[in-house]
Amino acid sequence: RSARDVRPGPVPVSVVAHRGSSRDAPEHTLSAYRRAVEDGADAVECDVRMTADGHLVCVHDRRVNRTSNGRGAVSALELADLAALDFGSWRKWKHRAESPEWYGTADPERDPELTSVLTLERLLEFVVDAGRRVEVAIETKRPSRWAGGQVERRIQSLLGRFGLLVPPPDAPPQVRVMSFSARSLDRVHLMMPQVPTVYLMQFLSPRLRDGRLPAGAHIAGPSIRLVRNNPEYVARAHAAGHAVHVWTVDSASDVDVCVRLGVEAVITNRPRHVIAHLGR
Ligand code: G3P
Ligand code: CA
């Protein structure tokens, strides 16, 4: 099988938990991913950045300031520095009222791993042991910061270790790589030809209007705003042979738009809510 086998549907829309179930638990922590599996998500999304000592960690921002009790750029910190930080408590103060149950099931005092920095390695281990099929969408964040494809090579090595580089016969690929960087996706395509790639787009540039994607990209990854402003784009991407995965789809009306247009996946902070709305 090749990555090209991820063709446009007719298949039920896949629900992807964005940074885990990040509306209900601190984003990118193991608790958010556990929650996503409990919520019934088909897949989980994670952003990855490389630390100063070459580890891939699941952190969205360039700096750790927003989502931890530390300060500084991920690329300037070592894994041991990040491991000393608390990536969960910021949610306690911001969202406790919204999600009072979170502290009942994921008490960081009982299980510190639930609020510590999550490495891509640990996330893949968790997914492989999840007890059911869960797909993973890994987003490379600013991979050009590291010369020579270091981020992509590290992903390749981890996927190889967990047996995720090549899907089993007759099964669709379990892992895909997403990026706003076409260069990163082209690298992934050349290095890991059986891993599908998703080209993320915030706005529709003129050269992409016809639905075609840059070299090495298999799946279109438009924002919901792009889709709402250009609903004809989905049919064009399908006609060009690309499935469409839309982010970030949190409201019922956005889900309805995506279903009506026949997109293959919605990436959401609220998988439980979206799955209920879909009637699954
Ligand atoms: O799933 C794609 C989406 O995550 C891209 O935006 O900023 O949330 O990483 P961002
Ligand atoms: Ca992301």
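Colleague: Which residue in strand 9 stands opposite Ala17?

Modeller: Keep in mind that this is a predicted model. Strand 1 and strand 9 (residues 265-268) run parallel, joined by four bridges. Across from Ala17, the strand 9 residue is Thr268.

Colleague: And in strand 2, what is the bridge partner of His18?

Modeller: Strand 1 also pairs with strand 2 (residues 43-50), in the parallel sense and over three bridges. Within strand 2, His18 has as its bridge partner Glu45.

Colleague: How many residues around ligand 1 are charged?

Modeller: The shell includes His18 and Glu45, and those two are bridge partners. Also around ligand 1 are Asp47, His60, Glu139, Leu200, Trp247 and Ile267. By class, the shell has three nonpolar and two polar residues, and the number of charged ones is three.

Colleague: What about Arg133: buried or exposed?

Modeller: Arg133 sits in the loop between helix 5 (120-128) and strand 4 (135-140). Arg133 has 11 inside 10 Å, so it counts as exposed.

Colleague: What separates the C-alpha atoms of Arg133 and Asp47?

Modeller: Asp47 is one of the residues around ligand 1. Along the chain, Arg133 and Asp47 are 86 residues apart, and their C-alpha atoms are separated by 20 Å.

Notes. Residues numbered from 1 in each chain as written. Chains lettered and ligands numbered in written order. Predicted model: local features only at pLDDT ≥ 70, side-chain atom pairs only at ≥ 80, totals over all residues. Near = placed C-beta within 6 Å. Nonpolar A, V, L, I, M, F, W, Y, C, P; charged D, E, K, R; others polar. Buried ≥ 20, exposed ≤ 12 C-beta atoms within 10 Å, placed from the backbone. Pairing = 2+ DSSP bridges.
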